[in-house]
Amino acid sequence: MYTLGIESTAHTFGVGISDDERIIANERDTLKPASGGIIPREAAMHHFKFAPEILKRALDKSGLKLRDIDLFAFSQGPGIIPALKVGAQLSVFLSKKYGKKLVGVNHCIAHLEIARLYTGLTDPVMLYVSGGNTQIITYYNRTYIVFGETQDIGVGNLIDKIGRRLNMPFPAGPKIEELAKKSNHYIEMPYSIKGMDVSFSGIETFVSKLIGREKTEDISFSLQETIFSMLIEASERAMSYCLKNSLVITGGVAANKRLNEMGEKMCSERKAKFKPIPMEFAGDNGAMIAYTGYLMKDYKQEDLGIKPKFRTDKVEIKYR
Amino acid sequence: MKVLAFGSEAVIYEKEGIIIKRRIKKGYRIKEIDERLRKTRSKAEFNVMRFLYENSLNVPKPLKYIEDKKEIWMEKIDGKRLAESFSLEDAKEVGIMAAEMHNLGVIHGDLTTANMIKAGKRIYLIDFGLSYHSSKDEDIAIDIFLFKNALKSKHNDVYKEAYSAFLGAYKSKIRKEFKGIDTHLKDIEERRRYNESY
């Protein structure tokens with residue numbers, strides 16, 4: 001069964017195609033704002049502009065024509081409204097034109113499903129870290145429960161905000177990571193963990209005041225160590241609390257080597273498993289939507305509209 | 001010495017009827033952060049336990065704190081973790097206890113059923129590593145929110161009834177005006193991502 005999945009929740013427009021559980025195409029383009037964050041309208045314009053090209057590239061890669069597709073899937077949310085609309089409209093159009101079923105997929109769950117597929121870990125705790133999302137999710141009682149999350153801004157967003165003040169390009173993660181390697185001087189920062197939740201806004205205020213007074217390398221190093229320690233600690237708490245013995249880290253911030261190293265170390269100390277997921281499938285991508293759509297192929301869905309505030313634990317997981 | 005439990009941040013030993021909680025080193029974080037967290041949390045935990053014990057809240061009697069080992073020694077409570085034997089009636093008991101703790105100006109910081117021990121009819125609070133002194137509505141609301149979330153994730157089948165039993169008992173005991181706490185409670189839930197309010 002061929003499933004075509006469309007991702008357009010934020011700044012990435014992606015199309016992926018799966019043949020049953022095998023990914024056969026995964027194409028995308030990501031909007032990189034020259035300065036500042038994502039402007040919703042600009043994201044939508046970007047997706048409109050790139051949709052035909054990305055769709056064609058994915059089809060070429062898989063050697064399929066649109067009429068060969070058996071099932072269409074799209075990212076229903078959570079995300080930015082204008083961006084979500086592009087993927088929704090395109091997939092509604094395709095499913096109507098070719099008379100095939102349409103499935104709406106929760107973006108966060110798709111991240112988890114593709115992580116399970118590529119790591120082979122069947123029941124992990126997932127630390128999902130991106131610009132807008134910071135969640136610790138695990139399977140419990142036929143739903144994916146958000147065990148911990150940020151009480152304010154996403155961790156990627158925090159890094160980008162600080163990067164912007166330090167005149168770094170967007171996204172700032174790679175530059176912060178590079179500079180952090182050049183320092184081992186730790187500046188004490190607020191460490192804010194509340195149960196299994198984390199909070200970053202206090203750190204943002206604190207770090208802003210250091211800019212110009214401390215070396216950028218030291219700020220980068222201390223920032224990474226502080227926020228990643230918080231995230232790994234919260235992940236470990238979730239693992240311990242729900243008796244799970246494996247961890248995956250996904251989302252754009254999963255590209256950071258130090259974060260992965262800390263996750264791996266935490267797991268090895270508690271004799272749990274840790275596996276990194278290929279970066280191609282850690283950032284936002286269409287393949288995860290196609291694959292999750294395939295898993296949901298037998299679902300009856302009444303609401304196929306976009307869901308900008310779609311919560312992970314609102315989806316009943318019938319296929320597990 | 002017998003190992004009773006490996007928690008996510010501490011090992012619990014038993015030695016001649018005494019419980020020893022030792023905060024272990026975490027290799028994933030740098031020494032500066034690791035030392036600071038283990039030290040401040042152990043010390044804060046010991047002080048809060050002593051304060052609550054002296055004010056007759058159900059907590060294990062704290063015996064001593066050994067700073068270089070990050071160890072807290074306390075009296076053993078014979079019972080089971082509430083997470084393993086939770087029932088609706090317990091929710092009410094927890095509500096009373098949480099209110100009494102907040103009346104004393106203490107925030108637990110990690111209020112879940114895993115951090116409670118049931119011994120006969122009594123429930124004891126443990127794990128004060130994230131505790132601090134505060135009487136602010138906002139901080140109190142976080143405790144309530146954490147407990148609500150723990151019910152939802154760990155005791156989903158009785159979550160709604162349990163939360164309302166907890167809240168009913170809590171409101172009957174809390175000396176502060178609940179309205180102020182409630183405002184912050186709603187605010188926290190709002191601040192968390194993607195609440196489907198529409």
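This report describes a chain-to-chain contact, a domain arrangement, a helix crossing and a set of paired strands in a predicted model.

## Basis of the description

Residues are numbered from 1 along each chain as its sequence is written, and chains are lettered from A and ligands numbered from 1 in the order in which they are written. Because the model is predicted, local features need pLDDT of at least 70 and side-chain atom pairs count only at pLDDT 80 or more, while totals for chains, interfaces and linings use all residues.

## Contact between chains A and B

Chain A contributes 28 residues to the contact and chain B contributes 24 residues; two residues are in contact if their C-beta atoms, placed from the backbone, lie within 7 Å. On the chain B side, helix 1 (31–54), helix 3 (137–154) and helix 5 (178–191) each supply at least two residues. The side of chain B that touches chain A comprises nine nonpolar, eight polar and seven charged residues. Here Ala, Val, Leu, Ile, Met, Phe, Trp, Tyr, Cys and Pro count as nonpolar, Asp, Glu, Lys and Arg as charged, and the others, Gly among them, as polar.

## Domains of chain A

Chain A is assigned domain 1 (2–111 + 284–314) and domain 2 (122–274), with bounds from an automatic or database domain assignment. Their C-alpha centres lie 27 Å apart. Nine residues of domain 1 are in contact with 14 residues of domain 2.

## A helix crossing in chain B

In chain B, the axes of helix 2 (residues 88–103) and helix 4 (residues 159–173) come within 7 Å and cross at roughly 35°. Axes are lines fitted to C-alpha atoms over the stretch in contact, and angles run from 0 to 180 degrees between N-to-C directions. Residues making this contact include B:Leu88, B:Ile96 and B:Glu100 of helix 2 and B:Phe166, B:Tyr170 and B:Lys173 of helix 4. By class, the contact has 12 nonpolar, two polar and four charged residues.

Helices (H or I, at least four residues) and strands (E, at least two) are DSSP runs, numbered from the N terminus.

Strand 6 (residues 125–129) of chain A runs antiparallel to strand 7 of chain A, joined by four bridges; strands pair if DSSP finds at least two bridges between them. A:Leu127 stands opposite A:Ile136. Strand 7 also pairs in the antiparallel sense with strand 8 (residues 143–149) of chain A, over six bridges. These two strands form a hairpin with two residues between them, and A:Asn141 in the turn has a positive phi of about 55°.
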